[in-house]
Amino acid sequence: VRRNKRKLADLGPGDFFGEMALLLRQKASASVTTTSDSEILVMRSRDFGRLLDDVPALSRKLAVGLAERLLEADRKLTV
């Protein structure tokens, strides 16, 4: 994951990205480049919202992932 040519994170199997842009209906704030064969699901914001409504467990997983990213960003700021 990169923003302005700066590496922000490495992702692995089962990780997700782009959820903030979908939730906020905004352009993505970073880009992701794969380093190996990958399967990527591309969704529109409207379809993502419906999916979250239909699958509450996915909403919880998304919330946990966002909280973990926020804590990691906070740790980087306080070091």
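Which residues are buried in helix α2 (residues 45-54)? In this predicted model, Ser 45, Phe 48 and Leu 52 are the buried residues of α2. They lie on the same side of α2, because they cover an arc of only 60 degrees around the axis. That arc is taken from the directions from the helix axis to the C-beta atoms. An α-helix has 3.6 residues a turn, so residues three or four places apart point the same way.

Some terms need their cut-offs. Buried means under 20% relative accessible area, exposed means over 50%, and partly exposed lies in between (1.4 Å probe, protein chains only). Helices (H or I, at least four residues) and strands (E, at least two) are DSSP runs, numbered from the N terminus.

The buried residues of α2 pack against α1 and α3. On the face turned away from the buried side, α2 carries the exposed residues Asp 53 and Asp 54.

Helix α1 (residues 19-24) includes Glu 19. Glu 19 counts as buried, at 3% relative accessibility. Apart from neighbours within four places in sequence, Glu 19 is in contact (heavy atoms within 4.5 Å) with Phe 48, Leu 62, Leu 66 and Arg 69. One of these, Phe 48, is among the buried residues of α2.

Helix α3 spans residues 56-78, and Thr 78 belongs to it. Thr 78 is exposed, with 60% relative accessibility. The side chain of Thr 78 makes a polar contact with the backbone oxygen of Arg 75, at 3.2 Å. A polar contact is a pair of N or O atoms within 3.5 Å; within protein, one must be able to donate a hydrogen and the other to accept it, and residues adjacent in sequence count only if both atoms are side-chain atoms.

Asn 4 is in the loop between β1 (2-3) and β2 (6-7), and Lys 5 is in the loop between β1 and β2 as well. Asn 4 has a positive phi and is not a glycine; Lys 5 likewise has a positive phi without being a glycine. The values for these loop residues are as follows.

| Residue | Phi | Relative accessible area |
|---|---|---|
| Asn 4 | near 55 degrees | 73%, exposed |
| Lys 5 | about 65 degrees | 80%, exposed |

Residues are numbered from 1 along each chain as its sequence is written, and side-chain values use heavy atoms, with hydrogens and water left out. As the model is predicted, local features need pLDDT of at least 70 and side-chain atom pairs count only at pLDDT 80 or more, while totals for chains, interfaces and linings use all residues.
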